[in-house]
Protein chains: 2
Amino acid sequence: MSFMEQVKKRWVENNTLVCVGLDPDVEKIPAKYRELENPLFAFNKDIIDATAQYVCCYKPQIAYYNGVGLERDLELTINYIHESYPGIPVILDAKRGDIGSTAQMYVKEAFTRYKADSVTVNPYMGGDTLEPFLEQKDKATIILCRTSNPGAVDLQDLEIDGKPLYMHVASKATNSWNRNKNILLVVGATYPEELKKIREVIGDIPFLTPGIGAQGGDVEKAVKAGTTPDGTGMIINSSRGIIYAEDPSIAAKSLRDEINLYR
Amino acid sequence: MSFMEQVKKRWVENNTLVCVGLDPDVEKIPAKYRELENPLFAFNKDIIDATAQYVCCYKPQIAYYNGVGLERDLELTINYIHESYPGIPVILDAKRGDIGSTAQMYVKEAFTRYKADSVTVNPYMGGDTLEPFLEQKDKATIILCRTSNPGAVDLQDLEIDGKPLYMHVASKATNSWNRNKNILLVVGATYPEELKKIREVIGDIPFLTPGIGAQGGDVEKAVKAGTTPDGTGMIINSSRGIIYAEDPSIAAKSLRDEINLYR
């Protein structure tokens with residue numbers, strides 16, 4: 001099943017828009033994991049077992065593995081999700097973007113090596129750099145549009161013909177790059193106005209929405225601004241707010257319920 | 001010595017602006033290397049030994065190692081350069097860009113894990129995402145400005161207040177982000193007009209210029225458009241044109257000489 005089909009199934013059958021970001025900092029996870037051979041995988045495994053019933057997907061952030069040479073932990077984590085919880089797709093958050101020959105290697109990284117179902121990419125270098133990802137019909141390509149950080153205004157808000165740059169990205173994604181219907185857009189929860197403006201022009205293209213929790217995004221505003229008329233169309237990510245919670249299971253369930261209140 | 005100091009020394013003392021891109025595709029390198037435990041490192045070592053006297057720096061592209069799980073080969077390659085050819089700095093071509101906490105992990109990846117002297121980054125997410133890199137005073141941060149690929153026009157050429165987006169990136173880099181004087185800009189050799197326009201506003205900020213060779217960039221036009229008045233200010237990269245040449249040493253020497261003809 002493609003990424004899109006899997007997510008849509010989870011939205012409906014499990015009634016959840018929650019994505020858990022698997023971004024374990026080896027210096028912040030509990031000491032009992034740090035002594036193990038695969039500390040990040042061991043930590044992730046417990047998070048996954050505690051949260052699986054409440055999520056529509058998982059999103060490991062590759063920097064937390066690459067930064068400390070624990071690629072093996074990332075491989076084990078994604079394998080574990082596929083084997084233990086088939087039907088929950090995985091987004092590799094890597095924000096890649098490079099010329100064609102290099103992009104092919106990143107495609108290999110995300111989909112052959114790590115067996116992710118989807119990958120995040122940066123659009124600054126243009127459509128030809130996204131093409132190797134978009135060609136993977138059953139995989140999804142998640143393009144940065146309006147990100148959740150304060151500095152997003154620096155380039156993304158610059159106005160071109162009366163419209164900010166992020167709206168041009170949204171238009172190109174909708175009208176030029178989405179022939180395989182396998183695109184999603186990253187739009188942060190910290191900017192509900194922007195979520196609304198973008199939703200108005202992109203139809204039912206799903207959002208990946210970070211920025212809830214540690215980054216200060218408001219769940220009610222984000223959900224009301226970003227969902228499609230059927231109350232889906234969003235993958236709402238929480239990382240630190242769930243993985244470092246006293247009880248990750250309760251944290252994931254609470255976020256699911258809070259989101260569902262406003263759908 | 002900082003990245004900038006090392007490069008300037010090589011420009012003058014070794015009279016070269018050449019950078020060799022260490023982008024070995026495990027399926028394209030000669031068969032004799034493929035059987036070894038560290039095939040990419042073994043291949044790179046021969047390239048480095050053949051070209052060191054002609055280069056001002058090396059630039060491994062991380063995708064070629066990440067795509068096939070050969071991170072160890074990248075570590076060995078950078079260590080080898082530092083130990084055998086001290087004074088030749090290393091650019092890790094990774095085009096990273098992410099929110100602060102994640103960017104910190106990418107800083108760790110580039111500078112602690114791989115011991116690179118410099119890293120390429122993508123500016124789409126804004127200044128706060130570059131900050132963790134810029135804070136590393138002795139390291140250099142190389143920001144994508146006008147890239148060498150055809151799709152660069154898609155976003156980078158969009159006009160804001162009469163100036164294309166890439167000129168806004170160049171201005172921000174020059175006026176806001178460069179307080180530690182450790183920024184360079186990526187501007188492709190395939191667009192000499194753009195090289196010239198950007199050079200006019202950024203003073204002596206150096207360029208990292210890909211696009212020579214396989215991508216079709218013209219050496220004469222690029223050098224005349226991009227160098228500073230003293231005939232330096234550019235790091236001109238060639239990857240496939242040198243690493244897959246029949247004699248990489250001759251290929252590197254020829255490129256150095258061709259560039260020097262027009263400085």
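**Note on the chain A and chain B model**

1. B:Asp93 counts as buried, at 4% relative accessibility; buried means under 20% relative accessible area, exposed over 50%, and partly exposed in between (1.4 Å probe, protein chains only). This is a predicted model, in which local features need pLDDT of at least 70 and side-chain atom pairs count only at pLDDT 80 or more, while totals for chains, interfaces and linings use all residues. Residues are numbered from 1 along each chain as its sequence is written, chains are lettered from A in the order in which they are written, and side-chain values use heavy atoms, with hydrogens and water left out.

2. Which side chains meet B:Asp93 in a salt bridge? One is B:Lys59, at 2.7 Å, N to O. Another is B:Lys95, at 2.9 Å, N to O. A salt bridge here is a side-chain nitrogen of Lys or Arg within 4 Å of a carboxyl oxygen of Asp or Glu. B:Lys95 is buried, at 9% relative accessibility. In chain A, salt bridges that share partners join A:Lys59, A:Asp93 and A:Lys95 with B:Asp98 into one network.

3. The pair of B:Asp93 and B:Lys59 links distant parts of the chain. B:Asp93 is in strand β3 and B:Lys59 in strand β2 (residues 57-60) of chain B, 34 residues apart. Both residues are buried. Helices (H or I, at least four residues) and strands (E, at least two) are DSSP runs, numbered from the N terminus.

4. Compare a salt bridge inside a helix. B:Glu13 and B:Lys9 have their closest N and O atoms 3.5 Å apart. They are separated by about one helical turn because they lie four residues apart in helix α1 (residues 3-13) of chain B. B:Glu13 is exposed at 56% relative accessible area, whereas B:Lys9 is partly exposed at 39%. Over all chains, the search finds 32 salt bridges.

5. Now the interface. Here 53 residues of chain B are in contact with 53 residues of chain A; contact means heavy atoms within 4.5 Å. The two chains bury about 4,500 Å² between them, 55% of it on carbon and sulfur atoms. Buried area is the accessible area (1.4 Å probe) that two parts lose on being put together, summed over both. B:Met105, B:Tyr124 and B:Leu155 supply 17% of the area that chain B buries against chain A, more than any other three residues.

6. How many salt bridges does the rule find across the interface of chain B and chain A? It finds six. The side chains of A:Glu27 and B:Lys108 also meet in a salt bridge, at 3.2 Å, N to O. On the side of chain B that touches chain A, the elements giving two or more residues include β3 (91-96), α6 (100-113) and β5 (140-146). α6(B) gives the most, with seven residues.

7. β5(B) is mostly covered, with seven of its seven residues buried. Strand β4 (residues 118-121) of chain B pairs with β5(B) in the parallel sense over four bridges. Two strands pair if DSSP finds at least two bridges between them. B:Ser118 stands opposite B:Ala140 in β5(B).

8. Two loop residues of chain A are worth a look. Is A:Ile29 buried or exposed? A:Ile29 is buried, at 0% relative accessibility, and sits in the loop between β1 (18-22) and α2 (31-34) of chain A. Beyond its neighbours within four places in sequence, A:Ile29 is in contact with residues including A:Phe43 and A:Tyr244. A:Gln53, in the loop between α3 (39-51) and β2 (57-60) of chain A, is exposed at 51%.
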